[in-house]
Amino acid sequence: MKSYVPSLNGLRAISIIIVILSHINSRFLGQISLPFPFDLLFNGHFGVNVFFVISGFLITRILMREEQANGKISLKNFYLRRIFRIFPAYYFLLIVYFILQLTSVLHFSTSSWLSSVFYYKYITGNNDWETAHFWSLSVEEHFYLVWPFVFLFLSKYRVHFAFFIILIVFLCRFNDYFQWLRIPLFDGRIPLFQRVDALMIGCLVALFEKKIMLIEAKHVVYSKFIFIILAFVLIAFFSSNLFTQWNVRYHLHAGFIMIPLGIGGYFGATGTIADVLIAYIMVASIGKTGIWFDCLNTPVMNYLGRLSYSLYLWQKLFLYGHIKI
């Protein structure tokens with residue numbers, strides 16, 4: 001079943017470049033700051049959210065096309081595809097890590113090994129450099145465990161479920177602000193219920209793809225590039241500290257609004273508003289004409305996009321300063 005969508009490899013390429021630049025900055029450059037709006041280039045969590053939105057969109061699109069072709073989806077086929085797509089590269093890297101630990105080049109705790117092998121890294125947190133980024137893979141794996149079952153057994157409530165999960169994310173961010181419950185699973189920056197709204201927004205775009213594409217097709221082609229750049233600038237603007245500074249300076253007490261929506265500081269590049277803007281960029285990028293489309297679909301961008309998963313897995317090993325490779 002054909003699942004290739006033009007431009008998405010190019011967006012993946014941009015995402016992995018941003019993630020790698022972020023890790024280079026944190027590892028070797030002393031967390032230098034770029035001027036607005038170029039500071040978005042060092043925002044690795046934004047890069048991950050682009051992956052999340054694309055993943056939610058593509059997975060849902062594949063499930064919908066299978067359902068249209070066969071009348072229903074096959075959970076067995078879905079999980080076999082995911083296993084062969086994800087597991088070989090991932091567990092091969094873990095084997096390499098295991099060899100490096102046996103030779104005393106690297107060392108991982110038992111907790112790190114267990115959370116990596118069984119995909120629950122987002123629960124245990126970033127307990128070492130080389131596997132900390134696996135938190136995003138564990139979020140996606142748990143998404144894969146739930147969404148196909150919703151798709152198959154709750155077909156009438158797919159949209160309701162997606163909005164319900166987004167609401168849960170809002171509530172968890174409220175909890176971050178008010179500190180009602182101190183439960184690690186619902187607290188902090190990167191657990192499942194702080195970031196899964198990006199996946200759900202991607203799912204919603206796929207569920208309403210025909211309607212969205214009809215609306216998007218009415219846009220004037222020559223202006224699309226400007227709107228896409230504006231969306232990137234807006235994400236950088238919402239992730240700036242400007243709103244946080246206003247909130248403190250003028251005693252607005254607006255944190256209870258800013259945090260759930262993703263305005264200011266860390267949440268600005270990973271909040272729901274940013275995810276909606278990412279979704280817009282994704283939809284606008286799929287069109288078959290324009291400067292932006294041409295840039296995303298160059299051979300280099302397509303190649304980097306196809307390698308993005310492997311690059312994401314291996315990048316931290318190659319950025320480890322004590323190993324000569």
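Visitor: Why are α6 and α16 called oblique to each other?

Guide: Helix α6 (residues 134–153) and helix α16 (residues 308–318) pack at an angle of about 135°, with their axes 10 Å apart. Angles under 35 degrees count as roughly parallel, over 145 as roughly antiparallel, 65 to 115 as roughly perpendicular and the rest as oblique, and α6 and α16 are therefore oblique.

Visitor: Which residues of α6 and α16 meet?

Guide: With contact taken as heavy atoms within 4.5 Å, F134, S136 and L137 in α6 meet Y309, Y312 and L313 in α16. The residues of this contact divide into 5 nonpolar, 1 polar and no charged.

Visitor: What makes W135 count as buried or exposed?

Guide: Buried means under 20% relative accessible area, exposed over 50%, and partly exposed in between, with a 1.4 Å probe and protein chains only; W135, found in helix α6, has 4% relative accessibility and therefore counts as buried.

Visitor: Which residues line the largest cavity?

Guide: On a 1 Å grid over the protein atoms alone, a cavity is a set of points where a 1.4 Å probe fits but cannot get out, and lining residues have an atom within 4 Å of a point. For the largest cavity they are L11, I14, F46, V50, I54, F232, I278, I281 and M282, which divide into 9 nonpolar, no polar and no charged.

Guide: Residues are numbered from 1 along each chain as its sequence is written. In this predicted model local features need pLDDT of at least 70 and side-chain atom pairs count only at pLDDT 80 or more, while totals for chains, interfaces and linings use all residues, and side-chain values use heavy atoms, with hydrogens and water left out.

Conventions
Axes fitted to C-alpha atoms, helices over the stretch in contact; angles between N-to-C directions. Helix = DSSP H or I, 4+ residues; strand = E, 2+ residues; numbered from the N terminus. Nonpolar A, V, L, I, M, F, W, Y, C, P; charged D, E, K, R; others polar. 1 Å grid on protein atoms, 1.4 Å probe; cavity = no way out; pocket = protein on both sides within 12 Å on 5 of 7 lines; lining within 4 Å.
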